[in-house]
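Thanks for asking me to look this one over. Here are my notes, in the order in which I would go through the model at the screen.

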Amino acid sequence: MGEAIASERSTTVEIKGLSFTYPGIDGHPPPGSVPLIDGLSLTLRAGDRCLLVGSNGAGKTTILKIIGGKHMVGPEMVRVLGRSAFHDTALTSSGDLSYLGGEWRRDVAFAGFEVSIQMDISAKKMIYGVSGVDPQRRDELIKVLDIDLSWRMHKASDGQRRRVQICMGLLKPFRVLLLDEITVDLDVLARANLLKYLTKECEERGATIIYATHIFDGLEAWPTHIVYVAQGKLQLALPLEKVKEMSNLSLMRTVESWLRKERDEVRTRRMVRKANGLGEYEKSVEGNPAKRVVNNGWAAGRLHSTLAGEENFVFSSNSVLRQ
Ligand SMILES: Nc1ncnc2c1ncn2[C@@H]1O[C@H](COP(=O)(O)OP(=O)(O)OP(=O)(O)O)[C@@H](O)[C@H]1O
């Protein structure tokens, strides 16, 4: 979109010309690397429920992590509640900004530590271990997610474990919530109840939610806005009703048609490049088309060596990453 999603409500998330490249081993983008996120601008306001869509590898997780303060970018590029989450950690520690994503599927914050969600511990202990929580909100979440407090986490099913994690992640009354496909293991009822609860949080408390997903079940009327990214670039950012005006198809079919068009364009570009004697793939590092930048997912200071024998890969140090 670039332009603000029009409304009188207060701005909660403001992204201006965001560009980002994963760092190489020296903490800097490898020479010649193409930005993964490129010139992205977006404004969201209190009450917005934004569905972030795009094909695999489009950059959705990266965008959510940047907004959540897990990757360093210039403090003016991304503002959440007027602050930069990377530079101002109080934004997340206060619970105003909550990010539920990938790593968080394995570990949850418990008593100040990241602990495995598969420990031999009861659901009650996990949930009640989060301090400074409104007991009424806690009870409501336990009910919405239909959690049995006697579940032992090491014996619980994936879906039961996921419910406990989601509950813990929502205990504090967030003002901005970033969700990176967290409902995969939930049954239909749990998912429907959760989506309903999230709608209420936006409508009654003016929370803002950005939800990246490939699962459209039950989402037809959930979002207020749709944001579509392709290859790190913003393609569309529109209120849901505008998307509905553009297409008679269901939301899922509409997104499917966007992704199909994108894939066809990429294939055509590859064919043209090949026909012109160029490499099929546009993104390369240091002129070597086979060389890709890989960030190994370790936090700075914990990994002191790179892997041997991987000449075709540039390993990155993660010095600007937070887990
Ligand atoms: N830690 C990393 N270091 C280097 N490149 C990365 C890293 N994480 C992701 N990438 C690359 O960034 C691109 C975008 O990845 P990202 O996970 O943000 O996409 P996504 O839209 O969330 O995809 P999916 O729908 O598959 O979850 C991909 O090409 C991926 O290979």
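1. **Overall make-up.** The chain has eight helices and 13 strands, where helices (H or I, at least four residues) and strands (E, at least two) are DSSP runs numbered from the N terminus. Please keep in mind that this is a predicted model: local features need pLDDT of at least 70, side-chain atom pairs count only at pLDDT 80 or more, and totals for chains, interfaces and linings use all residues. Residues are numbered from 1 along each chain as its sequence is written. Of the 323 residues in the chain, 33% are buried; a residue is buried if 20 or more other C-beta atoms lie within 10 Å of its own, exposed if 12 or fewer, and partly exposed in between, with C-beta atoms placed from the backbone. Among contacts with a separation of 6 or more, 68% join residues 24 or more positions apart. Two residues are in contact if their C-beta atoms, placed from the backbone, lie within 7 Å.

2. **Two domains.** The domain assignment gives domain 1 (11–92 + 199–316) and domain 2 (97–173); such bounds come from an automatic or database domain assignment. Nine residues of domain 1 are in contact with five residues of domain 2. On the domain 1 side, α1 (60–67) and α2 (90–93) are the elements that give two or more residues, and α1 has the largest share, with three. By type, the residues on this side are four nonpolar, three polar and two charged. Here Ala, Val, Leu, Ile, Met, Phe, Trp, Tyr, Cys and Pro count as nonpolar, Asp, Glu, Lys and Arg as charged, and the others, Gly among them, as polar.

3. **The six-stranded sheet.** An open sheet runs in the order β5-β8-β9-β3-β10-β11, with mixed pairing; two strands pair if DSSP finds at least two bridges between them. β5 (97–100) and β11 (233–239) stand at the edges with a single partner strand each, so one side of each is left without a neighbour in the sheet. Neighbouring strands are turned by 15 degrees against each other on average, direction ignored. Inside the sheet, β3 (residues 49–53) and β10 (residues 225–230) run parallel and are joined by four bridges. To find one of the pairs, look at V53, whose bridge partner in β10 is Y228.

4. **Helix α1.** Which strands does α1 lie across? They are β3, β5, β8 (176–180), β9 and β10, and the helix runs at about 150 degrees to β9. (Axes are lines fitted to C-alpha atoms, for helices over the stretch in contact, and angles run from 0 to 180 degrees between N-to-C directions.) Six of the eight residues of α1 are buried, so the helix is largely enclosed by the rest of the structure. Just after α1, G69 takes a positive phi of about 80 degrees.

5. **The nonpolar core.** The largest nonpolar core has 64 residues, of which L52, I67, C167 and V227 touch the most other members. A core here is a set of buried Ala, Val, Leu, Ile, Met, Phe, Trp, Tyr and Cys residues joined through C-beta atoms within 7 Å. Leaving out residues up to four places away in sequence, C167 touches I127, L141, I142, L145 and I147.

6. Is Y211 buried or exposed? With 24 C-beta neighbours inside 10 Å, Y211 counts as buried, and it lies in strand β9 (residues 208–212). Beyond its neighbours within four places in sequence, Y211 is in contact with C50, L51, L52 and L179. K172 sits in the loop between α5 (158–170) and β8 and counts as partly exposed, with 18 C-beta neighbours inside 10 Å. Setting aside residues up to four places away, K172 touches G95, S98 and V133. C-alpha to C-alpha, Y211 and K172 are 18 Å apart.

7. **Two backbone points to check.** E181 has a positive phi of about 30 degrees although it is not a glycine; its place is in the loop between β8 and α6 (188–205). Q231, also not a glycine, has a positive phi of about 45 degrees and lies in the loop between β10 and β11. E181 is partly exposed, with 17 other C-beta atoms within 10 Å, and Q231 counts as partly exposed with 18.
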